[in-house]
Structures are given as C-alpha cells and as structure tokens.
Amino acid sequence: MSESHTRKVLEPFGWIFQMITGLLLFAFVIFHLYITHLTSHDALEYAKVVERLSNPAIKAFYWLFLASASFHAFNGLRAILLDTDFGGRNERAVNAITMLLFVVAVVYGGLLLITF
C-alpha cells in the first residue's frame, strides 16, 4: 500500500472525526459548565469534586471529554504541521508523533480519573 493511498484514506476520516469531536466538545463544555457552576455554589470544592468523580457515569463522561479534546487538539496540530514544509517532508514522523501524544494524553488522563 503506497503512502499516497494511505493519506487518501486517512485524511477524510481525520477531517470527519475532527468535525465530530468539535461538536462533542461543544456539548461536553456546556454540560461541564452546568454541573460545575450552575448546580450549586460549592460544586468546585474538593470534597464535592471527589464525590462527583466517584460516580462511574461522570468518570465516563470526563474520559470521553478528554478523548475528544485530545483527538481534536492533536489532529489539529497534525494538520497544521503537515501544511508546513517540515511536515510535508516528514509526514510519517508527524503522524506517528501526534498519534503517540494523543494516546499518552488519553491513557494518562484515564489513569488520573481512575485514582478518584
């Protein structure tokens, strides 16, 4: 499989997922602002945050939030880098590094969520 074939197949998926994660982030931010600022005045106290994160549904929500934000950020960074001369010459490295950063962010953030 040639590199140009791989690029032709992956680029539309990257663009589609960029749009999907952008829409998800909009909804996630609104829900996050609702539960942290509009439900009660003490929602940001440490005890309340720990209590909220003890709910598996809230943990799943924040993990999806993290995964969406990480994908959106690192896919956007990848697209910016690929538009430069450096990225054009080192496409495989740019793809590998941004994918690695995405995986590290999601796994590390997931591990932090598990500790609560």
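## Threonine 36 in helix H1

Threonine 36 belongs to helix H1, which covers residues 3-38. Helices here are DSSP runs of H or I with at least four residues, strands are runs of E with at least two, and both are numbered from the N terminus. The model is predicted: local features need pLDDT of at least 70, side-chain atom pairs count only at pLDDT 80 or more, and totals for chains, interfaces and linings use all residues. Residues are numbered from 1 along each chain as its sequence is written, and side-chain values use heavy atoms, with hydrogens and water left out.

With a relative accessible area of 5%, threonine 36 is buried (buried means under 20% relative accessible area, exposed over 50%, and partly exposed in between, with a 1.4 Å probe and protein chains only). Its side chain reaches the backbone oxygen of histidine 32 at 2.7 Å. Leaving aside residues up to four places away in sequence, threonine 36 touches Ala43, Leu44, Arg52 and Tyr62, where contact means heavy atoms within 4.5 Å.

## Other residues of helix H1

Tryptophan 15 is also placed in helix H1, but at 58% relative accessibility tryptophan 15 counts as exposed. From C-alpha to C-alpha, tryptophan 15 and threonine 84 are 18 Å apart in space and 69 residues apart in sequence.

Phenylalanine 31 is found in helix H1 and is partly exposed, its relative accessible area being 35%. Phenylalanine 31 and phenylalanine 61 are separated by 30 residues in sequence and by 9.6 Å between C-alpha atoms.

## Asparagine 75 in helix H3

Asparagine 75 lies in helix H3 and, at 10% relative accessibility, counts as buried. A polar contact of 2.9 Å joins its side chain to that of glutamine 18; such a contact is a pair of N or O atoms within 3.5 Å, and within protein one must be able to donate a hydrogen and the other to accept it, while residues adjacent in sequence count only if both atoms are side-chain atoms. The side chain of asparagine 75 also reaches the backbone oxygen of glycine 14 at 3.0 Å. Apart from residues up to four places away in sequence, asparagine 75 touches Gly14 and Gln18.

## Packing of helices H3 and H5

The axes of helix H3 (residues 56-82) and helix H5 (residues 91-115) come within 9 Å and cross at roughly 165°. Axes are lines fitted to C-alpha atoms, for helices over the stretch in contact, and angles run from 0 to 180 degrees between N-to-C directions. H3 and H5 are therefore roughly antiparallel to each other (over 145 degrees; under 35 is roughly parallel, 65 to 115 roughly perpendicular and the rest oblique).

Among the residues that meet across this pair are Tyr62, Trp63, Phe71 and Phe74 in H3, and Thr98, Phe102, Gly109 and Gly110 in H5.

## Annotated transmembrane regions

An unreviewed UniProt entry lists residues 12-35, 60-81 and 93-114 as "transmembrane region". UniProt positions follow the numbering used here, feature names are shortened, and annotations may be inferred rather than shown by experiment.

In the model, residues 60-81 are 100% helix and 0% strand, with end C-alpha atoms 31 Å apart. Residues 93-114 are likewise 100% helix and 0% strand, and their end C-alpha atoms lie 31 Å apart.
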